[in-house]
Each structure stands twice: as C-alpha cells, then as structure tokens.
Amino acid sequence: MIPRYIVDFDLHALTRKKTKVAIIGAGIAGLYTALQTSEYADVVLISKKGLDDSNTRWAQGGIAAVTAKSDSPALHRQDTLIAGAGLCSYDAVEVLVNEGPERLKELIAYGTEFDRDAQGQYELTQEGAHSKRRILHANGDATGAEIVRALSARVMEQPNIMVLENHFAIDVVTQDEECVGVIVRQPDGELLFLEAEATVLATGGAGQLYRYTTNPEIATADGIGIAYRAGARIKDVEFIQFHPTALYYPGAPRFLISEAVRGEGAILRNSNGERFMDKYHAQKELAPRDVVARAIVSEMEKANTTNVFLDITHESADLIRHRFPTIYQFCLQYGLDMVTDWIPVAPACHYIMGGVQTDLHGETSTKRLFACGEASSTGVHGANRLASNSLSEAVVFGHRISERIKELPELPQIQPLTAVSEHRQDRYASTREQRVKLQKLMLRYVSVKRDEKGLQKALEELERMEQDYQGIPVEREDFEYLNLLNAAVLTTRAALMREESRGGHYRNDFPDKDDLIWRKHLVQSIRAGVQEESGKNDVE
C-alpha cells in the first residue's frame, strides 16, 4: 500500500525553513498566485524543474475573457455551462466570467503582451463551443509561453518571493487535519521541511496517466496524489478531456494542434478525404471537444485507421503562417506544410476536469491547504472544459486564494512527528517499467471510450500495483509514479461507478446522459472512500 507519507522522516530532525505561504508549481496558477500574495507576505515558490517548465508554457490557444462590446459575461457563462454538460457549479462559473476581465488586465499589467491588430486592438479568436470571438492570444499560437515569460520575469524581481527550482514537493504535513507545511526533496536528495501558514497546490495536470498526451513529462498528477494522501477530497476525476487534434505522425511527439486552427476555418477529413463532423454535431468542427474527439475515434474505427486529417489548405498562406507560427514551424520539421498538406491528427489526453475539490476561495477540505489551476476542482469545468477557460480559472481563483490567505490566523505550534512505514523494503521495482504499464492500462481501458469490462480489469490491476508497492522512493520519477498511481486508481474507480455518458466520460455500455440518477459528483477521500455529492448548484 502507498502510505500516508511516502518517505520516512523525523520532522524535527530535518533542515527547516519558515514562510507565510508555500506554493507548489510554477505554471500560471503558481506564478500568478505568488505575485498576488507577495504584496503582503513572504512566499516560497517550489518548482520541480525550472521556472519555464510547466503545462502553461505549452498552452497555444489563449485565454477566454469578455472584452468585446458585442460579448457579455452572460454569454460566456452560457457557453461554459453548455460545455460542462450539467455538472458546472453556477456560482463558480459566475465568479469566472465576471472576475475574468479584471484578472486579464492584471496579467497585462504584469507584462503579458497579447496580439493586437493594425489598429492596436486586441485580436480575438473563436474556439469550439464559444458563441463569440473572445479568446486573446499571444505570438499567434504561443500564449502560454508568453504568459510564463512575463510572470516569471516579474516573480524574479520580487524580494518577497524565494524560488526553489529543481525541488520536489513530496507530501504536505498535516496536524489535526490542518496543513502546516511541505516535505521537499532538495536537488542533492536531502529533505527539507518548509513550514507554512498556507500551502497552495498549483501542480498542473495529469496527462502522464496516458501514453499519448499533449502535456509535458512533468504533468504527473502530483497535486492529486499529495492532497489525497493528506486526506483532502478529490472530485470529478473520471472526466478526462482528450484533445481531438494532436499531431499523429511517425517520429513526432503528440504535439498539440490548437483548437484555434479549427476556429480559423480548418476542417476535419477522414481517411477517404470526406468532411465528417456535420454527421455528429450542428457546430461541426467547433463542437465541444468531447464530441469532436469521439467523432474522430468513430471515424478511425470505421476505417480501421490510426488518424484523421486536419485541413486548412483552403486558407491563405499568410494567415496560416502569421496566426500559427509555432504549429507551422513544428509541422515543417517533419515535412508537413500546413499551407499545402493535410495534417494527420488523433485524440490525446489533454486536461483533467476534476482534481482537488475546493470552495470558491480555493481552499480544500484540509484547512490551510489550497489548490489552484488544473490541479483543482473549483466547479467551473463540470464534465467538459470550455476551450481557453483554464488560464482564466487559474488567475481568477489565484486572486481569490490570495485574498483568503490574508484572513488566516497564525499557525499553531507544530508538534513532533515521525513517519516510518513498517512495510518498506530496500528493493524497488523499476519505476519506468511500472509507469509504462500504468499508462498502457489507462490508454487501453480508461480512454475516450470505456466499458465495464475494461474498467474493471484496469482497476483490479491498478489496485494490485498499489497493494504490491513496498519500495523506498529515491528519485523524482519514483515520487511521480506514486502520484500517478494514486490518480489512476481514483480516476478508474470513478469511471467504473458512473454508469452514464457525460462530457469527457463516455461509456459504450451506458451511452446516454442520465440526469435522473447521475446529475451528481463522485468525491473520494482516503478516510471516507467514495461519496456521492448532489449537483443541486449545477445547471445546464
């Protein structure tokens, strides 16, 4: 079994640092929350690699917020709720659409340079399931990289922020069900106890649950694993978003081909060259992502092929090269020219809608422990995230977390704590082999389409892997594997229990949405197991 603390330690024998706020993760959620909080408190920002290594850096499409006169928060709310398939929290969505524009202004004030047209107005694009052009982007298709550049530069200027690069947060320490700090592995392998009045999980997503993902190799569900072991509640993790259009080409990684490409007019064609999305949804290529992903898989199954094609060759070469410079150049490396070639694509794991359950101020069920960004489950995304809402969510709730931390009382005195597992042994199975095995199980049985037989098989094998765990983790990849294993079990268990199809969760054996029985959430915790939570605040 994976123990409460995955390393042995004597708390009072460890090297110790003290801070007001510890933030784990250096994507948009971590960087922005650090900047906001540093205005009144000292902050330690923990990055398991460098500041430029995060999911955010790979975000292409943009950030969704209402800026045009022809748009409104009400329309943004409507689009978000429709995409979320009946499981969005109305209150959380209200917070997002109404506070998003102000947080966008703060991003710009921090130095983010979004693309403008010849008249100096911000260029807006449209993506799937949006009724208006409301997506701001940067450097064509490199929005995330620009945001990380601006925020990282500002973070490094702040005297109140200490950045710990190449440090790994292993577990949070709890006392009387309250978080009091973090156990951190330093670059030399030694452990550090970072005592903190508030701890923020901004660890990003869980794409490495699958063999094929648009996420970087650091997206290992660390926040879910850390929070679950600490007793926090994990919500809605059966809802996994598979991006419909990841590059599928021999020798190339599963590089994201942004939804904005379809927003600018690209169409999907099957192996016979036929446009097919009109058979699946009225919005065709701009249907919600889960619909497009399943349609692509269905076309692949019919033709027994491994991909379909994305065709934007009917648009001008100038538009393609100006609007999508990163994608254009990446494809060109592999001999694919977007101006003249159809791009082979297939779905790949992209985003997890669920995560560590929080309230409207980002606080989890464990006091003083917060979660922000993709690691969290705020209620905004429901069963299927609306395109480009993720970056908006990170800054909106990062601001709210900062405001809530101001109100926290002083940390109580920390009691002695020794963590020793009786079952650990000095032998440890190859982490790399176990991780590949986990990813293959998830890809085969817990992917775009699921069924009871496959889910049951996957869960039994994952639980056996969990039961068999006896090793002593040493390297970063060991800790990451344990976090992935925690998340894989939680995801598969919830997917098996939810006997319907909704948003990013599709069951071949239960192909219809069932609002009568399943308009509710599955919440899991290490103490209470799986609980069903009413969706009374959720709306269509």
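Student: What relative accessible area does E533 have?
Tutor: In this predicted model, E533 is partly exposed; buried means under 20% relative accessible area, exposed over 50%, and partly exposed in between (1.4 Å probe, protein chains only). Residues are numbered from 1 along each chain as its sequence is written, and side-chain values use heavy atoms, leaving out hydrogens and water. Local features need pLDDT of at least 70 and side-chain atom pairs 80 or more, while totals for chains, interfaces and linings use all residues. The value for E533 is 22%.

Student: Which side chain meets that of E533 in a salt bridge?
Tutor: A salt bridge puts a side-chain nitrogen of Lys or Arg within 4 Å of a carboxyl oxygen of Asp or Glu. Here the N to O distance is 3.3 Å, and the partner of E533 is K235.

Student: How many residues apart in sequence are E533 and K235?
Tutor: E533 sits in strand 22 and K235 in strand 12, so their pair ties together two separate parts. Strands are DSSP runs (E, at least two residues; helices are H or I, at least four), numbered from the N terminus. The separation is 298 residues.

Student: What is the N to O distance in the salt bridge of R476 and E217?
Tutor: Both residues are partly exposed, R476 at 21% and E217 at 36%. Their side chains meet at 3.2 Å.
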